[in-house]
Amino acid sequence: MLYATRDFRAAQCIFLTNARWNHACLSTRLLSKQISRLQDRLGFIELRTEVQRDMTAKFATAVCATKDLVCDQALKEEIGMSEENGGAIAILIDARHGCRRNAKDSNVVCIRNETYKVLREEHVTREDDAITQRHDLKGTRRLYDYFDSYISSISGPVRISIHAHDRNASLNKFIREERPETPKAELMAYRKIRGKRNQQSG
């Protein structure tokens, strides 16, 4: 019985170690080759493919549900704080690519103006567009499609008052030609304007 207990505890420790290691790998967005190299150096036993897929599916379900809930709350807060503008919100959009310059995927993130909480995130892969440099524009289009749609939590679409982003000619063209009603500002200029306003209000 003692050996059985020890074996059970050992198996439990191995499971927890594997779960934490898998979570760390998913959080850091490491490539499979990099993960294998780290496992060899650390002396970890490589997880079977089916175990990795099962863990990844469980993590993805929990993370997506939490992300949707938190983003929904942040969107409600931002609209509530923008009543002076008729509920129109100011957003900042930026893309975060994978660990390589020619990344296999990108996360295009929209954050709120006041507290920098995430309002929405779009994941763009090479299956969506083979050219990584266009992922930023692809994700931005998806963000605006979402904001233009009927959102049940706020009972309608989202109105945008200011769109700020880093220097990107394709995004400038998109806002100028397809969203002419939305004022846009490049991120550095927007920060300077916001800094002056804060100094005047202070």
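Reader: In which helix is aspartate 136 found?

Author: The model is predicted. Its protein chain has six helices and five strands, arranged along the sequence as α-α-α-β-β-β-α-β-α-β-α. Among these elements, the helix in which aspartate 136 is found is H4.

Reader: Is aspartate 136 buried or exposed?

Author: A residue counts as buried under 20% relative accessible area. Aspartate 136 has a relative accessible area of 7%, so the residue is buried.

Reader: Leaving aside its neighbours within four places in sequence, with which residues is aspartate 136 in contact?

Author: Contact here means heavy atoms within 4.5 Å. Once the neighbours within four places in sequence are set aside, the residues in contact with aspartate 136 are Ala95, Val108, Asp166, Asn168 and Leu171.

Reader: What separates the C-alpha atoms of asparagine 168 and aspartate 136?

Author: Asparagine 168 lies in the loop between E4 and H5. With a relative accessible area of 16%, asparagine 168 is buried. Asparagine 168 and aspartate 136 are 32 residues apart along the chain, and their C-alpha atoms are separated by 8.9 Å.

Reader: How far does H4 reach from its first C-alpha to its last?

Author: Helix H4 covers residues 135-148. It has 14 residues, for which 20 Å is expected at 1.5 Å a residue. The reach from the first C-alpha of H4 to its last is close to that expectation, at 20 Å.

Reader: At roughly what angle do the axes of H4 and H5 cross?

Author: Two packed helices are described by the angle between their axes and the distance between the axes. The axes of H4 and H5 (residues 169-178) come within 9 Å. Their crossing is right-handed, and the angle is roughly 35°.

Reader: How many nonpolar, polar and charged residues does the contact of H4 with H5 have?

Author: From H4, the residues Asp136, Leu137, Thr140, Arg141 and Tyr144 take part, and they meet Ser170, Leu171, Phe174, Ile175 and Glu178 in H5. Sorted by class, this contact of H4 with H5 has five nonpolar, two polar and three charged residues.

Reader: What is the phi of serine 155?

Author: Most residues other than glycine have a negative phi. Serine 155 is placed in the loop between H4 and E4. At 54% relative accessibility, serine 155 counts as exposed. Although serine 155 is not a glycine, its phi is positive, at about 60°.

Reader: How many disulfides does a search of the whole structure find?

Author: A disulfide is a covalent bond between the sulfur atoms of two cysteines. For cysteine 110, the closest cysteine sulfur is in cysteine 71, and this is too far for a bond because the two sulfurs are 9.2 Å apart. Cysteine 71 is buried at 10% relative accessible area, and cysteine 110 counts as buried at 0% relative accessibility. For the whole structure, the number of disulfides found is zero.

Reader: What percentage of the residues in the protein chain are buried?

Author: The protein chain has 202 residues. Of the contacts between residues at least 6 apart in sequence, 51% join residues at least 24 apart. As for burial, the share of buried residues in the protein chain is 33%.

Terms used: Residues are numbered from 1 along each chain as its sequence is written. This is a predicted model: local features need pLDDT of at least 70, side-chain atom pairs count only at pLDDT 80 or more; totals for chains, interfaces and linings use all residues. Side-chain values use heavy atoms; hydrogens and water are left out. Axes are lines fitted to C-alpha atoms, for helices over the stretch in contact, and angles run from 0 to 180 degrees between N-to-C directions. Helices (H or I, at least four residues) and strands (E, at least two) are DSSP runs, numbered from the N terminus. A crossing is left-handed if the near helix is turned anticlockwise from the far one by less than a right angle, and right-handed if clockwise. Ala, Val, Leu, Ile, Met, Phe, Trp, Tyr, Cys and Pro count as nonpolar, Asp, Glu, Lys and Arg as charged, and the others, Gly among them, as polar. Buried means under 20% relative accessible area, exposed over 50%, partly exposed in between (1.4 Å probe, protein chains only). A disulfide is a pair of cysteine sulfur atoms within 2.5 Å. The expected span of a helix is 1.5 Å times one less than its number of residues.
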